[in-house]
Amino acid sequence: MPNGIDYLSEVVSRLARPDRDVAPRDLKYAVLHLQAATEVLVKARLQIAHWSLVVKDLSKCTKEKYDEGKFESATIAESMRRLVDVVGLPIEKRDREAVEELGRLRNRLQHWGLQETVALVEKQAASVLDFLMRFVDEQLIPQLGEEQIASLQEEMNLVRHGVQKIGTYVETRRARLRDELKERADRTVRCPSCHEWALVVDPEDSKCHFCSRAWDSEQLAYAYELPRVS
């Protein structure tokens with residue numbers, strides 16, 4: 001997993017700047033790193049379920065070979081299928097399609113360079129980045145131990161801060177959350193941390209669905225300078 005977070009950091013470093021400063025070369029390498037991050041993080045979750053799920057053809061691999069890295073891993077499309085059909089994760093069809101399209105875009109960039117418009121590449125990258133941030137928060141971090149989480153916390157905080165500076169990412173996430181939070185609009189407030197209208201207030205576990213920060217009632221009271229009930 002640390003490798004996957006490292007790749008995400010590289011994506012953010014390329015894109016977290018004003019649009020006018022994002023060069024075609026930045027876009028190209030952002031897509032290449034984003035594809036690598038997707039593959040590493042998806043397979044990290046498969047590995048947590050069972051090491052054999054990472055292997056393309058189990059008849060040609062043993063646990064010993066796996067531990068030594070002497071095996072061929074499943075494709076990203078097959079890995080996504082296994083997450084859904086074998087592990088049972090609720091990954092939406094649109095997210096699977098976004099990952100598949102990123103793979104095709106990555107191949108075109110690697111072999112022929114940037115041919116699509118900058119806006120199209122940014123939009124496709126933003127969709128996958130939005131998926132990965134949710135995937136890390138909902139499907140990976142909850143599976144880790146305290147020491148593992150602590151070792152990743154600093155870099156993940158930098159990634160979370162950086163993605164908020166990527167315009168297309170912010171727009172993509174806002175658009176998805178408008179539909180997702182529609183039925184909870186009466187409990188949705190502006191997050192004191194990221195300042196997005198995506199914090200769903202709950203008596204036990206309030207959470208911002210944009211930046212993923214969790215809040216308890218005391219923290220919220222302090223953040224909004226509300227009177228506390230003794």
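**Exercises on strands, loops and a helix**

Val200 has Lys207 of β3 as its bridge partner. The model is predicted: local features need pLDDT of at least 70 and side-chain atom pairs count only at pLDDT 80 or more, while totals for chains, interfaces and linings use all residues. Residues are numbered from 1 along each chain as its sequence is written, and side-chain values use heavy atoms, without hydrogens and water.

**Exercise 1.** Determine in which order the four strands form the open sheet.

*Solution.* Step 1: β2 (residues 197-200) and β3 (residues 206-208) pair in the antiparallel sense over two bridges; strands are DSSP runs of E with at least two residues, and pairing requires at least two bridges found by DSSP. Step 2: the order is β1-β2-β3-β4, with antiparallel pairing. Step 3: β1 (188-190) and β4 (214-215) are at the edges; each has a single partner strand, so one side of each lacks a neighbour in the sheet.

**Exercise 2.** Locate His195 and Ser212 in their loops.

*Solution.* Step 1: His195 belongs to the loop between β1 and β2, and Ser212 to the loop between β3 and β4. Step 2: most residues other than glycine have a negative phi. Step 3: His195, not a glycine, has a positive phi of about 70°; for Ser212, phi is positive as well, near 70°.

**Exercise 3.** State which elements cover the buried residues of α1.

*Solution.* Step 1: the buried residues (under 20% relative accessible area, 1.4 Å probe, protein chains only) of α1 include Gly4, Ile5 and Leu8.

Notes:
Buried < 20%, exposed > 50% of the residue type's maximum accessible area, 1.4 Å probe, protein only. Contact = heavy atoms within 4.5 Å.
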